[in-house]
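Take a moment with the sequence and the fold before reading on.

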Amino acid sequence: DGRGKYLIPGLIDAHIHLKGGVAPQADAAAARASATQALASFLYAGVTSVYDAGNQADVILPLRADERAGKIASPRIFATGNLITYPGSHGDSMSVRISDFEKDKALLDKHIAEQQPDVLKITYDEEGWGSRPMITLMPQPLMEQIIKYYNKHGIRTTIHVSNEARSLEASYSGADSLAHPDIQGPVSDSFVKLMAAKKVPFASTLTIGENYSRLAEHPEFLDQPLYVASFSAADRETMKTKVRADYQARHWTWWMKVMTPVCLENIRKIDAAGGVVALGTDQSSGPATHREMELLVQAGIKPLEVLKIATHNAARLLGKEDELGSVEAGKFADLVLLSADPTADINNAKQIAWVMKAGQIIDESKLPLAGAKQARRFAE
């Protein structure tokens, strides 16, 4: 009986990098434990699907297999596995490096056969922005060849970009989605119109940059209930002290603080014109998904539209809108029941009565959350 409550589709984070697998781990058991705790935090926060946009294959792929076999408490996991990039480009330490399409095709075939990516992520960003040095950029013709090859195998692509010029090149090369918004400067009116016309979905990923100055200036956010449940007391203390001090000393922190409002306005313009913004955090916790929605509202986007960005649009980025992202017959029963109206205040999306995945209400008391054991929110 849901009278007096509010039903929404399960939230979808269409860009994460699951904790425990981003860097090679000497302790495989510890890496897996860290990753399963992070996955539990997503479920606890009402996130029923995630797309891992690049990770160590030996961590993320077994977790994906276990989730699909029902062996772990987890959102639905969609994954790239290893990235594809040009030698020396962004993220090449966790990537399959491709320098020549014909000569390296066997590496692509191996990636497809062994990792079976749900969506392929390619990095296409020369850096040289903010406080970062210049790095090698993948040649555009090579990127186009790789996109076509994966599409011919039925695999969608998402391209890591951060400015208008690279976003245009990726779009014209056939990218199915973009992994980030443009943050290096204000977008042009013509680019806004192009994004509205082509409707190439892009992940919002505001939280990853805003998180630096937020922790540096307002560490008290870690005392909110979702964070307390999702992170251990020791980890929260480390973030408030050691990590905070590190962020305060970084040039990157303050560059991101300056550019986040620019990025917010870029996203607002594209959404208002009819482009497809999809929620993504570039992080690894359920609370980050809610922070992403808060920032989208700060951009001037209405809460109802933000809910669409966090559900239907995210499903579109994954090519899964026929199965996920809305409440309708024939789709998976991934749902969240709320005790307050999220269209009145996006923070009401945290007022969770229950989370359902695949028709089953989640028992929070059994989730391996890093913070603390939680009481079940719904008793039949």
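What follows is a walk through some helices, some aromatic rings and one serine.

Keep in mind that this is a predicted model.

Start with helix α4, which runs over residues 140-152. Its 13 residues reach 18 Å from the first C-alpha to the last. That is close to the 18 Å expected at 1.5 Å a residue. Which residues of α4 are buried? They are Leu142, Met143, Ile146, Ile147, Tyr149 and Tyr150. These residues cover an arc of only 165° around the axis, which puts them on the same side of α4. An α-helix has 3.6 residues a turn, so residues three or four places apart point the same way. On the other side of α4, Pro141 and Lys152 are exposed.

What do the buried residues of α4 pack against? Two of the partners are helices: α3 (105-115) and α5 (164-172). The strands β5 (83-85), β7 (119-123) and β8 (156-160) are partners too. Just after α4 comes Gly154, with a positive phi of about 80°.

Now move to helix α2, residues 57-68. It has 12 residues and reaches 16 Å between its first and last C-alpha, close to the 16 Å expected at 1.5 Å a residue. Its buried residues are Ala57, Val59, Ile60, Leu61, Leu63, Arg64, Asp66 and Glu67. Note that Arg64, Asp66 and Glu67 are on this list. The cover over the buried residues of α2 includes the helices α1 (28-44) and α3. It also includes the strands β3 (47-52), β4 (76-79) and β13 (352-357). After α2 comes Gly70, where phi is positive, near 75°.

Helix α6 spans residues 189-198. Here Phe191, Val192, Leu194, Met195 and Ala196 are buried. Among the elements that cover them are α5, β9 (177-178), β10 (202-203) and α10. The residue that follows α6 is Lys199, and its phi is positive, near 55°.

Next, look at the rings. A pair of aromatic rings is described by the distance of the centres and the angle of the planes. The count for this model comes to seven aromatic pairs. In one of them, the rings of Trp129 and Trp255 have their centres 5.4 Å apart and their planes at 55°, so the pair is tilted. This pair links distant parts of the chain. Trp129 is in the loop between β7 and α4, while Trp255 is in helix α10 (residues 251-273). The two are 126 residues apart.

Is Trp129 buried or exposed? Its relative accessibility is 9%, so Trp129 counts as buried. Trp255 has a relative accessible area of 21%, so it is partly exposed.

Finish with Ser232. Where is it found? Ser232 is in the loop between α8 (225-230) and α9 (233-249). Its relative accessible area is 18%, so Ser232 is buried. A polar atom of the Ser232 side chain lies 3.0 Å from the backbone nitrogen of Asp235. Leaving aside neighbours within four places in sequence, Ser232 is in contact with Ala370 and Gly371.

Notes:
Residues numbered from 1 in each chain as written. Predicted model: local features only at pLDDT ≥ 70, side-chain atom pairs only at ≥ 80, totals over all residues. Heavy atoms only, no water. Helix = DSSP H or I, 4+ residues; strand = E, 2+ residues; numbered from the N terminus. Expected span 1.5 Å × (residues − 1). Buried < 20%, exposed > 50% of the residue type's maximum accessible area, 1.4 Å probe, protein only. Arc of directions from axis to C-beta. Contact = heavy atoms within 4.5 Å. Phe/Tyr/Trp six-rings, centres within 6.5 Å; stacked < 30°, edge-to-face > 60°. Polar contact = N/O pair within 3.5 Å; in protein donor to acceptor, adjacent residues only side chain to side chain.
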